[in-house]
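This report walks through one protein model, from its overall fold to individual side chains. Please keep the sequence and the 3D view at hand while reading.

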Amino acid sequence: MSSRTRARGAAGVHTVRIPHQRGRRSQPFLIVVPDRPSLIREAFAFLGRGLWHYRRPLAPTALALLAWPVTAILHAIAWWYGLIFLPVAIAPAVWLGFVQFRRPARSVATAWRIGLTVLATLAFGWAALASGFGPLAGPLPLIWLFTWIAAQTAWLIVRRSH
């Protein structure tokens with residue numbers, strides 16, 4: 001083994017010495033490469049692998065966590081962004097009326113459609129209010145929490161039944 005690549009110093013650390021390069025301003029430098037990853041890196045890797053493995057079942061959680069900073073940024077830019085979300089908040093009710101008119105359904109399908117409409121209206125209504133007044137205003141954090149729990153629960157039920 002060459003003396004340039006032999007491990008020196010503390011256990012678990014490899015040092016590689018690169019000789020002087022040609023030229024006037026070249027400086028010698030030292031590269032230190034750790035042998036084992038740190039405990040923090042291993043913990044983040046474990047967490048990342050777990051989140052990647054369960055990425056589809058946790059999709060509503062990711063959207064809920066993404067909605068919070070997006071509405072905060074929109075609120076910080078201009079309060080009237082909340083007015084843009086108002087037609088989007090009304091759209092699920094229009095969708096329910098259109099779908100029930102075009103394809104009437106029986107009790108179970110109608111219940112799921114109504115539940116989906118209420119949940120989507122609540123989520124888009126929260127986004128409109130949060131981007132208008134800020135996500136921490138009044139009862140908006142509580143509404144966000146209940147909407148997130150309902151969406152995650154419904155998502156897991158629907159994914160389990162199919």
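## Fold and overall make-up

Helices, counted when at least four residues long, and strands, counted from at least two, are DSSP runs numbered from the N terminus. Read in that way, the model, which is a predicted one, follows the pattern β-β-α-α-α-α-α along the sequence, with 5 helices and 2 strands in the protein.

Of the 162 residues in the protein, buried ones make up 17%. The protein exposes about 12600 Å², and carbon and sulfur atoms supply 71% of that area. Where contacts join residues at least 6 apart in sequence, 55% of them link residues at least 24 apart.

## Helix α4

Helix α4 covers residues 107-133, and its 27 residues should span 39 Å at 1.5 Å a residue, which agrees with the 38 Å that separates its end C-alpha atoms. After α4 comes Gly134, whose phi is positive, near 100°.

Once neighbours within four places in sequence are set aside, Thr117 is in contact with Pro92, Ala93, Trp95 and Leu96.

## Helix α2

Helix α2 runs over residues 59-77, and its 19 residues reach 27 Å from the first C-alpha to the last, close to the 27 Å expected at 1.5 Å a residue. Its buried residues are Pro60, Thr61, Ala64, Thr71 and Leu74. Two of these residues return below: Ala64 as a member of the largest nonpolar core, and Thr71 as a contact of Ala127.

## The largest nonpolar core

Which residues make up the largest nonpolar core? The core has 6 residues, namely Ala64, Trp126, Ala127, Ala130, Leu140 and Trp144. Helices α4 and α5, the latter covering residues 140-161, each supply at least two residues of this core, and the largest share, 3 residues, comes from α4.

Ala127, one of the core residues, is also in contact with Thr71 and Phe85 when its neighbours within four places in sequence are left aside.

## Aromatic rings

Rings of Phe, Tyr and Trp are taken as paired if their centres lie within 6.5 Å, and on this basis the count comes to 4 aromatic pairs. One of them joins Trp80 and Tyr81, whose ring centres are 4.7 Å apart and whose planes make an angle of 25°, a stacked arrangement. Trp80 has a relative accessible area of 42% and is partly exposed, and Tyr81, at 23% relative accessibility, counts as partly exposed too.

Technical notes: Residues are numbered from 1 along each chain as its sequence is written. This is a predicted model: local features need pLDDT of at least 70, side-chain atom pairs count only at pLDDT 80 or more; totals for chains, interfaces and linings use all residues. Side-chain values use heavy atoms; hydrogens and water are left out. Rings of Phe, Tyr and Trp (its six-membered ring) pair if their centres lie within 6.5 Å; planes under 30 degrees apart count as stacked, over 60 as edge-to-face and the rest as tilted. Buried means under 20% relative accessible area, exposed over 50%, partly exposed in between (1.4 Å probe, protein chains only). Contact means heavy atoms within 4.5 Å. Accessible areas come from the Shrake-Rupley method with a 1.4 Å probe; for residues, only the protein chains shown count as cover. The expected span of a helix is 1.5 Å times one less than its number of residues. A nonpolar core is a set of buried Ala, Val, Leu, Ile, Met, Phe, Trp, Tyr and Cys residues joined through side-chain atoms within 4.5 Å.
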